[in-house]
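Here's a quick briefing to read alongside the model. Have the sequence and the 3D view open as you go.

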Amino acid sequence: MAIEVVDLTEADIPGVIQVIQQAFSDDPYFKWVFDEPSFNAQRNYDSLAARCRWGINNAIFQVAKETTSPNNSPTPILGVSCWLAPHPSNQPESWYSWTQSWLLSFRQLITNIRHRGHGGLRTNRYWIWKTRQQEAQASIWDDPRGYYFCNIVAVSPEAQGKGVGRMLFEAVTKRADREGVKCYLESSKNVPNVMIYERMGFEMKMEMECRDGEDACMLYCMVREPKTE
Ligand SMILES: CC(C)(COP(=O)(O)OP(=O)(O)OC[C@H]1O[C@@H](n2cnc3c(N)ncnc32)[C@H](O)[C@@H]1OP(=O)(O)O)[C@@H](O)C(=O)NCCC(=O)NCCS
């Protein structure tokens with residue numbers, strides 16, 4: 001089976017969301033940040049669709065799929081990744097990027113109004129995570145050129161362990177190596193993900209605890225130095 005990694009298109013969005021929802025169904029961070037009994041899968045779908053549309057123009061949003069299908073029907077999405085390109089610390093955010101972020105926030109607001117709420121998202125926990133994330137990045141990110149930041153990576157459960165994740169990573173890490181730029185990710189699972197990311201050249205830098213009373217969730221902050229071969 002020949003697999004290619006290509007840029008996300010509008011037509012891929014339903015398949016991408018299916019992969020993300022399946023791959024993250026047992027994810028410790030998602031279990032912590034969402035209240036399961038009130039989880040609204042349609043609201044989550046709409047929210048992810050808004051992020052995908054934002055990502056087409058503002059991120060490195062890629063999908064892995066088979067190069068051809070037997071009867072020319074659309075090929076299923078096997079995996080997806082979303083990376084933010086490095087942003088040098090001495091450069092202010094561009095107007096384009098600022099406007100696009102506000103457009104995304106506005107779309108998320110419309111989603112929340114349509115679904116009459118956050119669909120089970122515990123917003124206080126979301127903000128705890130955002131605060132811890134800012135603190136972690138402030139202490140780990142020491143390269144003024146910025147980092148390729150892996151925001152989402154997911155492979156469909158049937159396709160896991162077959163090299164699809166490596167293909168998605170290498171589509172960006174090879175570029176980072178050519179440019180001499182570091183990469184960064186926050187893994188929401190220790191076993192087996194930390195080991196998988198180590199195989200991709202990442203090193204553990206910090207364990208990040210997000211705590212809400214008795215309930216805590218750990219995230220694992222990892223950095224990859226550029227390789228020169
Ligand atoms: C994490 C994930 C993206 C990895 O993708 P994948 O396609 O399964 O990984 P690959 O098959 O490309 O394997 C990559 C490397 O990790 C190794 N690996 C894969 N699964 C492993 C496991 N369970 N234990 C140890 N090593 C493993 C492989 O041997 C390979 O190394 P190699 O190329 O040097 O031989 C995928 O498993 C996934 O989507 N998991 C569920 C969702 C998730 O956890 N997303 C990330 C949240 S932070």
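**Sheet, helices and ligand shell**

Start in the sheet: Ser187 has Tyr220 of β7 as its bridge partner. This is a predicted model, where local features need pLDDT of at least 70, side-chain atom pairs count only at pLDDT 80 or more, and totals for chains, interfaces and linings use all residues. Residue numbers start from 1 along each chain as its sequence is written. Helices (H or I, at least four residues) and strands (E, at least two) are DSSP runs, numbered from the N terminus.

**The sheet**
- Seven strands make an open sheet with mixed pairing, in the order β1-β2-β3-β4-β5-β7-β6; two strands pair if DSSP finds at least two bridges between them.
- At the edges sit β1 (3–7) and β6 (202–212), each of which pairs on one side only.
- From one strand to the next, the twist averages 25°.
- β5 (residues 182–187) and β7 (residues 215–224) run antiparallel and are joined by five bridges.

**Around Cys221**
- Cys221 is found in strand β7.
- Cys221 counts as buried because 21 other C-beta atoms lie within 10 Å; the cut-off for buried is 20 or more, 12 or fewer is exposed, in between is partly exposed, and C-beta atoms are placed from the backbone.
- Leaving aside neighbours within four places in sequence, Cys221 is in contact with Ala136, Ile140, Glu186, Lys205, Met206 and Met208 (contact is C-beta atoms, placed from the backbone, within 7 Å).
- Met206 is 15 residues from Cys221 in sequence, yet their C-alpha atoms are 5.1 Å apart.

**Helices**
- α1 (residues 13–23) lies across β2 (60–66), β3 (77–84) and β4, running at about 90° to β3; axes are lines fitted to C-alpha atoms, for helices over the stretch in contact, and angles run from 0 to 180 degrees between N-to-C directions.
- α5 (residues 123–140) has 18 residues and reaches 25 Å from first C-alpha to last, close to the 26 Å expected at 1.5 Å a residue (that is 1.5 Å times one less than the number of residues).
- α5 is hardly covered, with one buried residue among its 18.

**The ligand shell**
- The ligand is surrounded by 20 residues, and the closest are Ala23, Gln160, Gly165, Arg166 and Pro192; a residue is near if its C-beta atom, placed from the backbone, lies within 6 Å.
- β4 (147–155), α6 (164–179) and α7 (193–199) each supply at least two shell residues, and α7 gives the largest share, four residues.
- By type, the shell has nine nonpolar, seven polar and four charged residues. Here Ala, Val, Leu, Ile, Met, Phe, Trp, Tyr, Cys and Pro count as nonpolar, Asp, Glu, Lys and Arg as charged, and the others, Gly among them, as polar.

Terms used:
Two residues are in contact if their C-beta atoms, placed from the backbone, lie within 7 Å.
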